[in-house]
Amino acid sequence: MNPPIARFAQPLSLPYRPPYAWQGVLGFLAHRHTLGVEHVDNSNYARALEWMHEGAPLTGWLSVAHEPDDGMLSLTLSPGLQPAAQALLGQAMRVFGTQCDPVPVDAHLGEMAVGQPGMRVPGAFDGFEIAVRAIAGQQISVRNARGILARLSQRHGAAVPDAPHGLAHAFPSAQRIARLSLEDVITCGLIRIRAEAILSIAREIEAGRLDLHPRTPRDATLAALRAIRGVGAWTVQYVAMRALNEPDAMPAGDAVLKKRLGMADAKALDAHARRWSPWRAYATVHVWRRDEADKA
């Protein structure tokens, strides 16, 4: 039986600017969650995590819940992550977009935002994880991509014992992946060129030549990603959206966007999407969520 969350730590507060589309954010994360790493239910998001703190890795789990009467989210950390509480609080603010003012975003997007006012673009606790997700998901179903990510995490992620909700392993860090052989990555279900791309990104991060964090120079970071074989424009923009918190990023030529918006090709999609700038990332998430809800 899972231990009650309240045993582990007192929650930390993440005030937000209303409205906040908590169910929309949970739905986005649930559609993409990695088994054994993340858990999403009707009211909470939880995940196992390995986090570098003062040069040493910490492991544990965290949980985020909505407190609508107080206009905030609450972040609970397991004891293993408590030493990094302030850093994780700041990262959770970026992941869940609590500093976003949704009113001008929704006003700019107009009817698109009516169904989910206050929608955020969910970010990342680790930019490398977002890059791996993007590469693993190229030209395959979300379900198959989630299977690859679960195998990668189970085989190569840090173990997180005594976590609730069936959480067992953290998503493997770039440093862990960089030490693997190409065959180790391929046997998780990836074709060679994608496995090579993931290893290249991991090794660039480990060498200090690449940092997928919002604080890094954006243009130089995206250019460095583009230079890696197997990393295309869609992947670069997905990383910009979710790892670098770029509000105007939009995955180039995205198949769902083209289909839902009736666009014949990437050029037509790009021209159509200019009306949403500088909030194209938010528009993208709205379209994806509508598509996912219609298929549920």
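R289 counts as buried, at 14% relative accessibility, where buried denotes under 20% relative accessible area, exposed over 50% and partly exposed the range in between (1.4 Å probe, protein chains only). This residue is placed in helix α13, residues 280–295; helices (H or I, at least four residues) and strands (E, at least two) are DSSP runs, numbered from the N terminus. The structure is a predicted model, in which local features need pLDDT of at least 70 and side-chain atom pairs count only at pLDDT 80 or more, whereas totals for chains, interfaces and linings use all residues. Residues are numbered from 1 along each chain as its sequence is written, and side-chain values use heavy atoms, with hydrogens and water left out.

With residues up to four places away in sequence not counted, R289 touches G24, G27, F28 and M119, contact being defined as heavy atoms within 4.5 Å. The side chain of R289 also reaches the backbone oxygen of G24, at 3.4 Å. This falls under the definition of a polar contact, a pair of N or O atoms within 3.5 Å, of which, within protein, one must be able to donate a hydrogen and the other to accept it, while residues adjacent in sequence count only if both atoms are side-chain atoms.

The protein is divided into domain 1 (12–101) and domain 2 (247–295), with bounds that come from an automatic or database domain assignment. The contact between them takes 6 residues from domain 1 and 5 residues from domain 2, and the C-alpha centres of the two domains lie 26 Å apart. Domain 1 and domain 2 bury about 450 Å² between them, 61% of it on carbon and sulfur atoms; buried area is here the accessible area (1.4 Å probe) that two parts lose on being put together, summed over both. On the side of domain 1, F28, R32 and C100 lose the most area to domain 2, together accounting for 65% of what that side buries.

Between the two domains the count is 1 salt bridge, a term that requires a side-chain nitrogen of Lys or Arg within 4 Å of a carboxyl oxygen of Asp or Glu. The side chains of E292 and R32 meet in a salt bridge, at 2.5 Å from N to O. Across the interface of domain 1 and domain 2, 2 residue pairs are found in polar contact, both at pLDDT 80 or more.

In helix α2 (residues 85–95), the buried residues include L88, L89 and V95, and the buried residues of this helix pack against β1 (12–15), β3 (44–53) and β5 (72–77). Helix α2 is followed by G97, whose phi is positive, near 60°.

G123 lies in the loop between α3 (102–109) and α4 (127–136) and is buried, with a relative accessible area of 4%. Among the residues that G123 touches, not counting those up to four places away in sequence, are R94, V95 and I130. The C-alpha atoms of G123 and L244 are separated by 7.9 Å, although these residues are 121 residues apart along the chain. Helix α4 is mostly covered, with 10 of its 10 residues buried, and at its start a side-chain oxygen of D126 reaches to within 3.1 Å of the backbone nitrogen of F128.

H156, placed in helix α5 (residues 142–156), is likewise buried, with a relative accessible area of 17%. The contacts of H156, residues up to four places away in sequence not being counted, are with P172, R176, L180, D184 and C188.
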